[in-house]
Amino acid sequence: MSERFMKYPHAHGPGIRFNITARMMAVQAPQNWTEQECNGFFTRHFYRALFQRILVDKGAIDGRTTGTEDDRSDFASEEKSPPIILGSLRKQCYASFTTYVRAAIDKLNDDPIHAWRISSRMSGLSDEDIAEYEKRFGHKKKELSIVWSLMAFSAGVVESAIVVDRWQWLREQEEVKDCWVESVFDYGISPRNLVVVGIKG
């Protein structure tokens, strides 16, 4: 990371940093999204968010200490023990919210540390309960989709900052005579279409 980015002063302290979610969104190209891809993407995130709500309501996790990172659902228990990592599920698990919940619970029941909590708190969850959650919070999927879309449309800003940081780092090296950024292929192929070039002196 360049010195300028590490020490750049702002209201929240020195340095410009992006968390894993921002870095993940930086590689998105919303203009390339198809309707089918969007529906699948938003459905997966909606299911994950709603499942998290069930875990909180059932006391399987502490809702004050939940989070997600690198396509994982990280849940911390009330005892502040290591987070539960849900990870990815097979494509067929997303056929419905009920199948998703059942698959997620089965996977978490294999967790060597937290299986006892998941098993005890979620054992009485019926298909009717799951359907009720989906009915109760179904309208939230649209709100979630809007938020993720807005995040995706900021991808260009994040990606540009990352590229500028790489370019600035080269500028700060004494042995670099010249450096620049150029496009190597069309943005429609991939948003990571820029290359940073440095020439030694």
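Predicted model: local features only at pLDDT ≥ 70, side-chain atom pairs only at ≥ 80, totals over all residues.
Residues are numbered from 1 along each chain as its sequence is written, and side-chain values use heavy atoms, with hydrogens and water left out. Local features need pLDDT of at least 70 and side-chain atom pairs count only at pLDDT 80 or more, while totals for chains, interfaces and linings use all residues.

The whole structure contains 9 aromatic pairs (rings of Phe, Tyr and Trp, the last by its six-membered ring, with centres within 6.5 Å; planes under 30 degrees apart count as stacked, over 60 as edge-to-face and the rest as tilted). Tyr94 and Tyr100 form a tilted pair, with 5.3 Å centre to centre and 40° between the planes. Phe97 and Tyr100 form a stacked pair at 6.5 Å centre to centre, with 15° between the planes. Phe97 and Tyr100 both belong to helix 4 (residues 97-108) and are 3 residues apart, about one turn of the helix; helices (H or I, at least four residues) and strands (E, at least two) are DSSP runs numbered from the N terminus. Tyr94 and Tyr100 are both buried, and Phe97 is buried as well (buried, under 20% relative accessible area; exposed, over 50%; partly exposed, in between; 1.4 Å probe, protein chains only). Ring pairs join Phe46, Tyr47, Phe51, Tyr94, Phe97 and Tyr100 into a cluster.

There are 6 salt bridges (a side-chain nitrogen of Lys or Arg within 4 Å of a carboxyl oxygen of Asp or Glu). One of them joins Asp57 and Arg53 (3.0 Å, N to O); these residues are 4 residues apart in helix 3 (residues 35-57), about one helical turn. Asp57 is partly exposed at 37% relative accessibility, and Arg53 is partly exposed at 34%. In helix 7 (residues 140-153), Lys140 and Glu143 are 3 residues apart and their side chains form a salt bridge (3.5 Å, N to O). A further salt bridge is formed by Arg192 and Glu159 (2.9 Å, N to O). This pair links distant parts of the chain, 33 residues apart, with Arg192 in the loop between strand 4 and strand 5 and Glu159 in helix 8 (residues 155-171). Arg192 is partly exposed, with a relative accessible area of 40%, whereas Glu159 is buried at 10%.

A nonpolar surface patch comprises Val184, Phe185 and Ile189, with about 280 Å² of accessible area together (Shrake-Rupley method, 1.4 Å probe; for residues, only the protein chains shown count as cover). Patches consist of residues with over 30% relative accessible area and no salt bridge, nonpolar side chains (Val, Leu, Ile, Met, Phe, Trp, Tyr) being joined within 5 Å and like charges within 9 Å. Ile189 lies in the loop between strand 4 (176-183) and strand 5 (194-200) and is exposed, with a relative accessible area of 64%.
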